[in-house]
Amino acid sequence: MSGPLFPYWRHRRPTRNFGDALTDLYRLRLLAEPSPADRGVYFLVGSVLDEAWLRRGLRFARERGGAAHYWTCGWRGSPVPDALLGAARVSAVRGPVTRRRLGLPPDMPVGDSALLLPLLHDPPATAIRHRRLLVPHFNDPRRERMLHRPRDWGADAAASPEVGG
């Protein structure tokens, strides 16, 4: 086990969701070359701040002899035991609702990492451009309706969250 681990939801599956692809993009474009001695487990995107994901991340970190780090992740909507949250290294959360519902300090940085995309990716001039793009969650039961009728959700266009492996 050399170097840090960057797990994501559909790891090693033929299709991933959009957030999974962002993990790789951020790892390659935002982070310094990791030290082979770093045994940390890093969650860079996703709604992974819930009991199951925290237990999984802390278990991975314990098995590797490192810490579980969370950056710009969101709260999943279910209660999180204080002991689990206290064992994780949360450096930023996706939004103020996550910060408030998890009882994190008011000075905890807030921000959706997707806001960095224009700095990391410059689409070609021939790319279709829209003002508001909707990318529904991979498991949202309304996904097909959202993809076919994005204006019903206040967007100009929609894109599938599935990304080929």
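A polar atom of the Thr-72 side chain lies 3.1 Å from the backbone oxygen of Leu-44. This counts as a polar contact, defined as a pair of N or O atoms within 3.5 Å; within protein, one must be able to donate a hydrogen and the other to accept it, and residues adjacent in sequence count only if both atoms are side-chain atoms. The model is predicted: local features need pLDDT of at least 70, side-chain atom pairs count only at pLDDT 80 or more, and totals for chains, interfaces and linings use all residues. Residues are numbered from 1 along each chain as its sequence is written, and side-chain values use heavy atoms, with hydrogens and water left out.

Thr-72 sits in strand E3 (residues 68–73). Helices (H or I, at least four residues) and strands (E, at least two) are DSSP runs, numbered from the N terminus. Thr-72 counts as buried because its relative accessibility is 6%. Buried means under 20% relative accessible area, exposed over 50%, and partly exposed in between (1.4 Å probe, protein chains only). Leaving aside residues up to four places away in sequence, Thr-72 touches Leu-44, Ala-92, Val-93, Arg-94, Gly-111 and Ser-113. Contact here means heavy atoms within 4.5 Å.

E3 belongs to an open sheet of 3 strands, ordered E2-E3-E4 with parallel pairing. Strands E2 (41–43) and E4 (89–93) form the edges, each pairing on one side only. Neighbouring strands of this sheet are turned by 10° against each other on average, direction ignored. Two strands pair if DSSP finds at least two bridges between them. E3 and E4 are joined by 4 bridges. His-69 has Arg-89 as its bridge partner in E4, and Cys-73 has Val-93. From E3 the chain crosses through H3 to E4, in a right-handed β-α-β crossover. Right-handed means that, with the strands pointing away from the viewer, the path from the first strand over the helix to the second runs clockwise.

Helix H2 (residues 51–64) lies across E2 and E3, at about 140° to E3. Axes are lines fitted to C-alpha atoms, for helices over the stretch in contact, and angles run from 0 to 180 degrees between N-to-C directions. The largest nonpolar core has 21 residues, of which Leu-54, Tyr-70 and Val-90 touch the most other members. Such a core is a set of buried Ala, Val, Leu, Ile, Met, Phe, Trp, Tyr and Cys residues joined through side-chain atoms within 4.5 Å. At least two residues of this core come from each of E2, H2, E3, helix H3 (82–87) and E4. H2 gives the most, with 4 residues. A second, separate core of 8 residues includes Leu-22, Tyr-26, Leu-44 and Leu-120. Beyond four places in sequence, the contacts of Tyr-70 include Phe-43, Trp-53, Leu-54, Leu-58 and Val-90.

Thr-98 lies in helix H4 (residues 96–101). Its relative accessibility is 8%, so Thr-98 counts as buried. Not counting residues up to four places away in sequence, Thr-98 touches Leu-49, Cys-73, Gly-74, Trp-75 and Val-93.

Asp-156 is placed in the loop between helix H6 (143–148) and strand E6 (157–158). The Asp-156 side chain makes a polar contact with the side chain of Arg-151 (3.4 Å). Asp-156 and His-137 are 19 residues apart in sequence and 17 Å apart in space, C-alpha to C-alpha.
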